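Here are my notes on the model you sent over. Have it open in your viewer while you go through the points.

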Amino acid sequence: MKLDSRCSLILLLAYLVALSSIHPGHNLRLALLCVLPLMLLLFSPVAKGEVLAQAAYVLPFSFAIAAVALIRGNTAQAVFFLLRSYISILAVLIVTRLLSTLELLRAMEALGAPRFLIVVTEFLIRYLEVLRREADLMRLAALCRGAAHSKLIASASLGMLFVRSLERSTAIHNSMLARGFNGRLPRMSPLAWRLSDTGALMLGLAVIAGMRWSL
Amino acid sequence: MHIPDGILSAPILAGFGVASAAGVAYSAKRAEASTGANRIPLLGVLGAFVFAAQMVNFPVGPGASGHLLGGALLAATIGPWAATITMTSILLVQSLVFQDGGVLALACNVFNMALLGVWAAWLPFRSLSKAGHPRAGLFLGALLSVLLSAVLALGQVSWSSGVIGEKLWLFCLGLFTITGLMEGAISVAAWEAIERLEGRAGHGPAPGRRVWILAASLCTALAGAYLASSAPDVLEYFQARSGISAANLDPQWLRNAVAGLAALLTLYAVSRLVVKLVPRGQQQN
Amino acid sequence: MIRVRDLHYRYSDSGPILRGLDFTQAAGESVALLGANGSGKTTFALHLNGILQCQQGEIEVCGIRLQPETLEEVRRKVGFVFQSAENQLFLPTVLEDAMFGLLNQGVPAAQARSLALAILETMHLAEYADRNPFHLSAGEKRRAALAGVLLMEPELLILDEPTTFLDPHGIRELAVMLNRQPISKLIVTHDARFALQTTTRAVFFDKGRILAEGPTPEIIDRFDWL
């Protein structure tokens, strides 16, 4: 059964807060907290290998810090930063796989994030897709004219890409106006907080707090 | 510059989290009042494009690269409140969809880039604009925006992890300055184009009409950076170099630094050229 | 239904597009706007629900004079199906997109959902309700866009080049669906056969003016438009 997106978001944030509050050297707590996302991953309907690999994306950054710690002779600290950043992104990845970005944004709005920010973000996501589609079309057109190896053409077409994206976004906006858009995106289905969400939230917070503060 | 989760300590996150939340909430109110709901799609398009521009890294030094932040351009184009919200949106999407920057770390990333980055650019831009020097204001603003954001980000990482030493700090400052100069050059090229469009020095934002020119300049910047290195961005790079003393740098560094500055000048020249070449009719669309 | 007097319009970067246009359409009437590319048909149509604002002249639609204050009311009564269905369909699923207009009108979500499902059924799109609109065929996209507009129960339906990208079968299907709608229609089209199937009167545009108007077959014949 799927949890309310607000419940999932609160639990994710609580977990990340718990993780960020432990210090290098608290190895047992870190190990315990690592168990949670791994368990979640095990029982979630997501591509497990893919998520584990994708989480490694963060490693170059944390590796840099780990390297500094290593050079200073602090191996434990190096491992700590590597592990903590990896497990943090793993938790975020699982949640973003289980919930769509729009669901997460709605949860943020319901939890008090400014609506104006959320609507701008929804449009940004929408226009990223427009930008990508226009870029694809332009690349195809350039390829058809033998521009496969010309970096110059690819660069020059970036300006045109923006112009076309802007035109399309204006057309989309016009069609929205024609259907009564007044600056507020309507919500398709209201969020519904059930008793099970309260239960899951309490249980989740208790487990996270227990793992963080019991030892 | 996008700090991931798992690096920052709880007190840093809590402190900057409160500041960011308050700043963004207030900015949203002001942006909604000053921008109007009808402009939301425009902010979305601008955000999407700056988002794309941020993905292109340009070389700034020995094996390190930086990317456009866009805060100064956004501030000068749509005003500081809307720019703060647009930058926050960009960071939100980068974090949620692309895992570029952490979710909890948004507390710091939003403060560094969407609040400090935008206001550090807006204040000098506005005061020098009033004194009749918008270009100087924007250049200084963009430079300050990048410098302050980057220094604060490095500071946050340093306070949280305690692993960044003094020499590394100095070295980082050098690279941040190059990135900042680059940002300044691109932003000024954009501003000159805006002036040409409106036939006067601009005061305050007038979105929509300026978008084309902002786009032209961003595109020029992107085109210039097409050959960009795939090296990690400045902050990541510096951390990787920690422990290596700045004094130990070999002559390769000098060559790279000169190359970075040359790239900067080329970008600036190309930006101006594009501005000159874009026909007036097209600019007024 | 529509009353337009002396409408002028020019884009900021070009010469005049509309040069003193007069037009009337009675309630329940279906009218085709014909004419060469750039003759001002779409520019004219975009005025009728206020996407383009009147620079000079007067427009009255469904008994309401078009002004910034009346825009919302007019848009509730005028449905507009744009030339590019892709630009119109912007939400993640066909169902959500169909519901968009209703939700903007303040219809509760549950009611909007059931109304949307019902119209998707009549448009033969029920099985695509949860699909991304971008993954539909051109004909299906057009029907999905039309569904989203018809759901709002407009008094006047404006269609801009509705047959673009459609195959002959899709065009026939669209004509049948439109003829089932007992509302006023204004159809901007280059497709003379489609105009014959769906409208009774045609107006021929030329350089921002109405050159002629009359029964659709007569106008098509006169300008050799088939």
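1. Taking contacts with a separation of 6 or more, residues 24 or more positions apart account for 62% of them in chain C. Keep in mind that this is a predicted model.

2. On confidence, chain C looks like this: the pLDDT averages 91, and 99% of the residues score at least 70. For the complex, the predictor gives an ipTM of 0.86 and a pTM of 0.75.

3. Now the overall build of chain C. You'll find nine helices and 10 strands in it. The C-alpha atoms fill a box of roughly 45 × 40 × 35 Å along the principal axes. A compact globule of 226 residues would have a radius of gyration near 17 Å, and chain C agrees because its own value is 17 Å. As for burial, 46% of the 226 residues of chain C count as buried.

4. Next, a sheet in chain C. In which order do the strands of the open sheet run? Reading across, it goes β2-β1-β4-β5, four strands with antiparallel pairing. β2 and β5 (64-65) of chain C stand at the edges with a single partner strand each, so one side of each has no neighbour in the sheet. As a reminder, strands of a sheet pair through backbone hydrogen bonds, either parallel or antiparallel.

5. If you want to trace that sheet pair by pair, begin with β1 (residues 2-10) and β2 (residues 16-25) of chain C, which are antiparallel and share seven bridges. One place to look is C:His8, whose bridge partner in β2(C) is C:Arg19. β1(C) is also joined to β4 (residues 56-61) of chain C, again antiparallel, by five bridges; here C:Ile2 has C:Val61 as its bridge partner.

6. Where do chains C and A meet? The contact takes 21 residues from chain C and 17 residues from chain A. On the chain C side, the elements giving two or more residues are α2 (71-77), α3 (85-88), α4 (94-104) and α6 (138-150). α4(C) supplies the largest share of that side, six residues.

7. In soluble globular proteins, nonpolar side chains tend to be buried together. The largest core here has 131 residues, and the members touching the most others are A:Leu124, B:Cys108 and B:Val118. Helix α5 (residues 106-130) of chain B gives the largest share of this core, 15 residues. Chain A takes part through both domain 1 (5-108 + 190-213) and domain 2 (114-178), with at least three residues from each.

8. Zoom in on B:Cys108. Leaving aside neighbours within four places in sequence, B:Cys108 is in contact with B:Ile3, B:Leu8, B:Ile12, B:Leu13, B:Phe16, B:Ala153 and B:Gln156. There is also a second, separate core of 68 residues, including C:Leu33, C:Leu95, C:Met123 and C:Val149.

9. Which residues of helix α6 (residues 101-110) of chain A are buried? They are A:Leu104, A:Leu105, A:Arg106 and A:Ala107. Just after α6(A), check the backbone at A:Gly112, where phi is positive at about 115°.

How values were computed
Residues are numbered from 1 along each chain as its sequence is written. Chains are lettered from A and ligands numbered from 1 in the order in which they are written. This is a predicted model: local features need pLDDT of at least 70, side-chain atom pairs count only at pLDDT 80 or more; totals for chains, interfaces and linings use all residues. The radius of gyration is taken over C-alpha atoms; the globule rule is 2.2 Å times the number of residues to the power 0.38. A residue is buried if 20 or more other C-beta atoms lie within 10 Å of its own, exposed if 12 or fewer, and partly exposed in between; C-beta atoms are placed from the backbone. Two residues are in contact if their C-beta atoms, placed from the backbone, lie within 7 Å. Two strands pair if DSSP finds at least two bridges between them. A nonpolar core is a set of buried Ala, Val, Leu, Ile, Met, Phe, Trp, Tyr and Cys residues joined through C-beta atoms within 7 Å. Domain bounds come from an automatic or database domain assignment. pLDDT is the predictor's confidence in each residue, from 0 to 100.
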